[in-house]
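Trainee: Please pick one part of this model and take me through it closely. I would like the packing there and the space around it.

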Amino acid sequence: GNYFPGTYLLVDILSKVFPNPYSAVTVYLIFFTAFILIFTYYNVKTDSFMESLQNAFIISLMSYPFLFAFQTANLEIITFISISLFFFFYTKSRIVSIIFLAYAISMKFFPGIFIIMLLIEKRYKDVFLTCIFTILFTLLPLLIFDGGFNKGIGSYIAHLKEGQQFYMDVMIIGAPGFHYGHSLLNSLTVIFSNFVTTYMKEIIFPYTIFVLTSFLAIVGYLIFFEKIFWRKVAVLVMMMNLFPFTSTDYKLLYIFLPLFFLINHSKKDKHDTIFIIL
């Protein structure tokens, strides 16, 4: 019950095609492995096929984000693939691009941060269409699943609230969230463990104010000052990962996106090596 309704469209298809959950997860992980290997190969390819394949294998399948996501088989994999395809089609097919963005938002709220890319480029029609497709992906499962919308919506909202409260108690107020987390609050919890864990409930409100203030300032910077595409993507990814109360480590997958844009950026910069190391 922790996910938005769009998630269950995919889960329902997998469960119907593969009634055995282990078969469904196996197919799911094979697809994920194939996607990230091909996607990485596409972004790091050179004139040598074998060198490109070797580099893609090492960069993707031997990376911590991939291994962590593979081990957990978390549904974050689908939001990552959706956002990757959003950027892949970003300049190739606007309608296809925003469909993938909309589906990601219909699964989880935080991919909505990439709407800022559309706002910066004044693609207001695409922003509107993204909202429309997000609503469609959200309503569709509520309309077609057992009980229909009238009987299903109340049950779904009740389960969502219960799931979110459980997540808050265990992953944010409790300790498990920062064992495999990389948000700013996770970091503070590690550095000042006794203080933060004791006063976590009191810290959440001022931390929220800090995040909102920082978010507005950084978005202002992106709108008025930053001109380089990969840096805009990098800043949005870092905010998406660092600002939530907790960010489990499968979200580190998104760092592949600005890394690939940096690698393929047409103009070289004296700071490129530093950026890549960071």
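Mentor: Start with a helix pair: Y207, F215, I218, V219 and L222 in α12 meet K232, V235, L236, M239 and L242 in α13. Contact means heavy atoms within 4.5 Å. Helices are DSSP runs of H or I with at least four residues, strands are runs of E with at least two, and both are numbered from the N terminus. This is a predicted model, so local features need pLDDT of at least 70 and side-chain atom pairs pLDDT 80 or more, while totals for chains, interfaces and linings use all residues. Residues are numbered from 1 along each chain as its sequence is written, and side-chain values use heavy atoms, without hydrogens and water.

By class, this contact of α12 with α13 has nine nonpolar residues, no polar and one charged. Nonpolar covers Ala, Val, Leu, Ile, Met, Phe, Trp, Tyr, Cys and Pro; charged covers Asp, Glu, Lys and Arg; the others, Gly among them, are polar.

Now the geometry. The axes of α12 and α13 come within 11 Å and cross at roughly 175°. That makes α12 roughly antiparallel to α13, a label for angles over 145 degrees. Axes are lines fitted to C-alpha atoms over the stretch in contact, with angles from 0 to 180 degrees between N-to-C directions.

A pocket is an open set of points on a 1 Å grid over the protein atoms alone, where a 1.4 Å probe fits, with protein on both sides within 12 Å along at least five of seven lines; lining residues have an atom within 4 Å of a point.

The second largest pocket holds about 450 Å³, a volume being the space filled by probe spheres set on the points, which are joined across faces, edges and corners. Of its 20 lining residues, W230, A234, M238, P258 and F275 are the closest to the centre. α13 gives the most to this lining, with six residues. α12, α13, α14 (256-263) and α15 (272-277) each supply at least two. The lining of the second largest pocket divides into 17 nonpolar, one polar and two charged residues.

The largest pocket holds about 1,200 Å³. Its lining has 33 residues, with F109, F110, P244, F245 and K251 nearest the centre. α6 (94-107), α9 (148-173), α12 (200-224) and α13 (229-242) give two or more residues each. Here 22 lining residues are nonpolar, eight polar and three charged.

For context, the protein chain has 15 helices and zero strands.

Note on methods. Angles under 35 degrees count as roughly parallel, over 145 as roughly antiparallel, 65 to 115 as roughly perpendicular and the rest as oblique.
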